[in-house]
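Take a look at the model below before reading on.

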Amino acid sequence: MKLTLKIWRQKNSNDKGGIQTYPIDNVSEHMSFLEMMDVLNEQLIVQGTDPIAFDHDCREGICGMCSMYINGEAHGPDRGVTTCQLHMRKFNDGDTIYIEPFRAKGFPVIKDLVVDRTAFDRIQHAGGFVSVNTSGNTQDANAIPIPKDDADKAFDAATCIGCGACVASCKNASAMLFVSAKVSQFSLLPQGKVEAKRRVLNMVEQMDKEGFGNCTNTGACEVECPKGISLENIARMNREYLKASLASD
Ligand code: SF4
Ligand code: FES
């Protein structure tokens, strides 16, 4: 395939940045999107041009690093996949593809397509953990019966990889889907009940401090989430938040 790539270039966080055009040919439909970017970068290096900075790590849909906005969609046109799992067969010969960083106040651009997502780490640090002692004296898992439905929902919530596509897709740059997945994965399980009130209050407070917007139930986050995290989690987090606020008064 022959493609025209229109890619956001930005030297650093202070640079204004802009779109630049890169033609590329010999792209195989079997390449992943990141492999196609690798080929382009090899060409740029040979030409003596600064390669395009983009985040990636596992290239298996696990780490959540490969944040790219492709033709106006977080992780591109496919559903239920990250950019590293997107294949070039989703595009046609002669296509023009726009590639931009995730954009949100809480995710400032560091360089080109790389954004700073440490805001998510700080939200996690505010409460996304349990303080159960798991060192050497663990209880047998079967000793704590958990309804199957709760276990399934907690597991589904725990599949969030913290990629930030929900924020990038939301017109308000809201992080509610991410935070609600992290709150839900614990609130549904007995081990998470101990710190439940503190957790939801602290995580929501940190989310607001980081400059993410509010949820207005548009649902774009759920559509673009590569892990299919459900909006149900936001409803659960709101209930948890209300319960915790009333209890702490
Ligand atoms: S909720 Fe989905 S889109 Fe948002 S960070 Fe988690 S995996 Fe990514
Ligand atoms: S590189 Fe890890 S999810 Fe894409």
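This is a predicted model: local features need pLDDT of at least 70, side-chain atom pairs count only at pLDDT 80 or more; totals for chains, interfaces and linings use all residues.

Where do the domains run? The domain assignment puts domain 1 at 3–111. Domain 2 comes in two segments, 117–133 and 140–248. The C-alpha centres of domain 1 and domain 2 are 29 Å apart.

Now take the chain as a whole. Its secondary structure amounts to 9 helices and 7 strands. Along the principal axes, the C-alpha atoms fill a box of roughly 60 × 40 × 35 Å. The chain has 249 residues, and 35% of them are buried. Take the contacts with a separation of 6 or more: 71% of these join residues 24 or more positions apart.

**Around the ligand**

Turn to ligand 1. There are 14 residues around ligand 1, and the nearest are Cys160, Cys163, Ala165, Cys166 and Cys225. Which elements give two or more residues to this shell? They are helix H4 (165–169) and helix H5 (176–187). H5 gives the most, with 3 residues. By class, the shell holds 11 nonpolar, 2 polar and 1 charged residues.

**From H5 to H7**

Two packed helices are described by the angle between their axes and the distance between the axes. For H5 and helix H7 (residues 196–209), the axes come within 11 Å and cross at roughly 175°. An angle over 145 degrees counts as roughly antiparallel, so H5 and H7 are roughly antiparallel to each other.

Which residues make the contact? H5 supplies Val179, Lys182, Val183, Phe186 and Ser187. H7 supplies Ala196, Arg199, Val200, Met203, Val204 and Met207. This contact has 8 nonpolar, 1 polar and 2 charged residues.

**Two positive phi values**

Next, the backbone. Most residues other than glycine have a negative phi. Asn26 has a positive phi, near 60°. Asn26 is in the loop between strand S2 (18–24) and helix H1 (33–46). Is Asn26 buried or exposed? Asn26 has 8, so Asn26 is exposed.

Asn217 also has a positive phi, near 55°. Asn217 is in the loop between H7 and helix H8 (220–224). Asn217 has 8 C-beta neighbours inside 10 Å, so Asn217 counts as exposed.

**One residue in H8**

Finish with Glu222, which lies in helix H8. Glu222 has 17, so Glu222 is partly exposed.

What does Glu222 touch, leaving aside its neighbours within four places in sequence? The contacts are Leu177, Ile229, Ser230 and Leu231. Ile99 is 123 residues from Glu222 along the chain, and the two C-alpha atoms are separated by 21 Å.

Conventions
Residues are numbered from 1 along each chain as its sequence is written. Chains are lettered from A and ligands numbered from 1 in the order in which they are written. Domain bounds come from an automatic or database domain assignment. A residue is near a molecule or strand if its C-beta atom, placed from the backbone, lies within 6 Å of it. Helices (H or I, at least four residues) and strands (E, at least two) are DSSP runs, numbered from the N terminus. Ala, Val, Leu, Ile, Met, Phe, Trp, Tyr, Cys and Pro count as nonpolar, Asp, Glu, Lys and Arg as charged, and the others, Gly among them, as polar. Axes are lines fitted to C-alpha atoms, for helices over the stretch in contact, and angles run from 0 to 180 degrees between N-to-C directions. Angles under 35 degrees count as roughly parallel, over 145 as roughly antiparallel, 65 to 115 as roughly perpendicular and the rest as oblique. Two residues are in contact if their C-beta atoms, placed from the backbone, lie within 7 Å. A residue is buried if 20 or more other C-beta atoms lie within 10 Å of its own, exposed if 12 or fewer, and partly exposed in between; C-beta atoms are placed from the backbone.
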